[in-house]
Amino acid sequence: MITRIAFIGFGVVGQGLAEILLEQKNDLKNQIGFEFEVVAVSDKMKGSVYNEVGLDLQKLLELVKSTGKIDEYPEGIKGWDSLKTITETNANLIIEVSWTDINTGEPAITHIKTAIGCHKHVVMTNKGPIALAARELISMAKTNGVEMRFEGTVLSGTPAINLGVNNLASSKITKVAGIVNGTTNYILTEMEKGLKYEEALKQAQKLGYAEADPTADVEGFDALGKIVILTNVVMGGNITKDQVPCQGITKITSQDIDEAKKESKRWKLIAGAELKDDGSVEAYVMPKKIPLDHPLAAVSGPINALTYTTKYLGDVTVIGPGAGRAATGYALLTDILDIHRKISR
Ligand code: HSE
């Protein structure tokens with residue numbers, strides 16, 4: 001069975017996935033038995049194209065790189081918006097990579113509900129919908145008999161959610177904590193090397209780590225969304241982001257960084273959640289001064305790290321990229337292949 005894919009959004013992450021799909025097309029078919037065509041791409045700014053027999057990904061990527069537009073693709077139907085693309089194309093898998101709005105989850109929540117409503121599988125890296133409406137969306141997907149995956153919402157392609165939900169299922173996770181935002185970790189690392197806050201932020205934006213509105217990163221809201229996801233999806237909690245104390249890195253000055261250095265410490269933005277005796281889960285996001293000999297102190301740049309504290313294994317830590325074009329594109333690929341394995345069983 002050929003998977004027919006539609007992209008909703010075609011920014012850094014969507015293009016990252018498209019590049020991997022293009023590069024791996026033959027290997028995915030020969031090694032995993034996964035065959036696909038990208039039939040549609042719809043992006044609010046770049047335009048849209050639909051061809052029921054499939055688009056030439058190389059041509060599409062070159063076009064977007066050179067013109068920033070999709071509309072000029074030589075064949076196919078143009079001008080369909082996101083909802084028409086979801087409902088009326090022959091795609092059976094929707095890649096939801098529109099922009100993240102951590103306060104409303106829109107327009108992504110509507111995209112996902114529409115896709116599920118017309119029995120199409122969905123994968124996303126968008127934190128908004130899962131941070132705000134995980135239970136509702138998971139249950140809706142189940143009722144409609146479709147698969148929904150969102151591994152890339154936390155730690156991009158570095159295993160975090162599936163690790164917790166699958167590999168560590170029944171290991172009795174009591175705590176999770178780590179560095180879950182690449183932009184702030186990059187900024188703190190660069191500031192320690194002497195760069196000014198604004199310059200470091202600009203670099204993080206240029207490298208594709210930061211959110212469209214980097215306030216979400218530096219004020220801790222991105223990390224907040226991720227810890228709410230981990231709490232509700234992996235730890236069985238049921239919290240909203242308003243219940244989580246959240247502080248970002250905007251108040252950390254170069255002087256604070258120098259002082260920490262003198263104490264053999266290093267600032268890190270830590271997000272964590274802990275299971276309480278009454279079964280509830282409490283979460284937080286806050287900058288902490290970490291001793292240099294602590295494992296998290298060595299996690300630098302856009303690299304993220306997450307430690308699950310479990311009853312049977314003790315601490316299990318993953319360290320890896322938490323942001324970036326290829327790393328986040330790869331997260332979507334792992335979800336796509338997971339769905340492929342499940343539905344082709
Ligand atoms: N802006 C996010 C970060 C992207 O810097 O970690 C990945 O979620």
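Author: A salt bridge is a side-chain nitrogen of Lys or Arg within 4 Å of a carboxyl oxygen of Asp or Glu. The model shown above is a predicted one, and the side chains of Lys-193 and Glu-190 in it meet in such a salt bridge, at 3.0 Å from N to O.

Reader: Are Lys-193 and Glu-190 buried or exposed?

Author: Lys-193 has a relative accessible area of 63%, over the 50% cut-off, and is therefore exposed. Glu-190 has a relative accessibility of 13%, under the 20% cut-off, so Glu-190 counts as buried.

Reader: How many salt bridges are there by this rule?

Author: The general idea is that side chains of opposite charge can pair when their charged atoms come close. In this model the count comes to 18 salt bridges. One of them joins Glu-136 to Lys-113, with the closest N and O atoms 2.8 Å apart. This pair links distant parts of the chain, for Glu-136 lies in helix α5 and Lys-113 in helix α4 (residues 108–117), 23 residues apart. Glu-136 is partly exposed at 42% relative accessibility, and Lys-113 is partly exposed at 28%.

Reader: Which residue forms a salt bridge with Lys-127?

Author: Lys-127 forms a salt bridge with Glu-211, and the closest N and O atoms are 2.9 Å apart. Here too distant parts of the chain are linked: Lys-127 belongs to helix α5, while Glu-211 sits in the loop between α8 (197–206) and α9 (215–218), 84 residues apart. Both Lys-127 and Glu-211 are buried. Moreover, a network of salt bridges links Lys-127, Glu-211, Asp-222 and Lys-226.

Reader: Which residues make the contact?

Author: From α7 come Leu-188, Met-191 and Glu-192, and from α11 come Ser-254, Ile-257 and Lys-261. The residues of this contact divide into 3 nonpolar, 1 polar and 2 charged.

Reader: What is the order of the strands in the sheet?

Author: In general, strands of a sheet pair through backbone hydrogen bonds, either parallel or antiparallel. This model has an open sheet of 7 strands with mixed pairing, in the order β4-β3-β2-β1-β5-β6-β7. Its edge strands, β4 (77–78) and β7, each pair on one side only. As an example of pairing, β5 (residues 93–96) and β6 (residues 121–124) run in the parallel sense over 4 bridges. Within β5 and β6, Ile-95 stands opposite Val-123.

Reader: Which helices pack on the sheet?

Author: Among them is helix α1 (residues 12–32), which touches β1 (2–8), β2 (35–43) and β5 and whose direction makes about 165 degrees with that of β2. Helix α12 (residues 325–343) also packs on the sheet, touching β5, β6 and β7, and its direction makes about 155 degrees with that of β6.

Reader: Where is the place of Gly-145?

Author: Gly-145 is in the loop between α5 (127–143) and β7 (148–149). With a relative accessible area of 58%, Gly-145 is exposed. Gly-145 and Gly-117 are 28 residues apart in sequence, and their C-alpha atoms are 9.9 Å apart in space.

Terms used: Residues are numbered from 1 along each chain as its sequence is written. This is a predicted model: local features need pLDDT of at least 70, side-chain atom pairs count only at pLDDT 80 or more; totals for chains, interfaces and linings use all residues. Side-chain values use heavy atoms; hydrogens and water are left out. Contact means heavy atoms within 4.5 Å. Helices (H or I, at least four residues) and strands (E, at least two) are DSSP runs, numbered from the N terminus. Ala, Val, Leu, Ile, Met, Phe, Trp, Tyr, Cys and Pro count as nonpolar, Asp, Glu, Lys and Arg as charged, and the others, Gly among them, as polar. Buried means under 20% relative accessible area, exposed over 50%, partly exposed in between (1.4 Å probe, protein chains only). Two strands pair if DSSP finds at least two bridges between them. Axes are lines fitted to C-alpha atoms, for helices over the stretch in contact, and angles run from 0 to 180 degrees between N-to-C directions.
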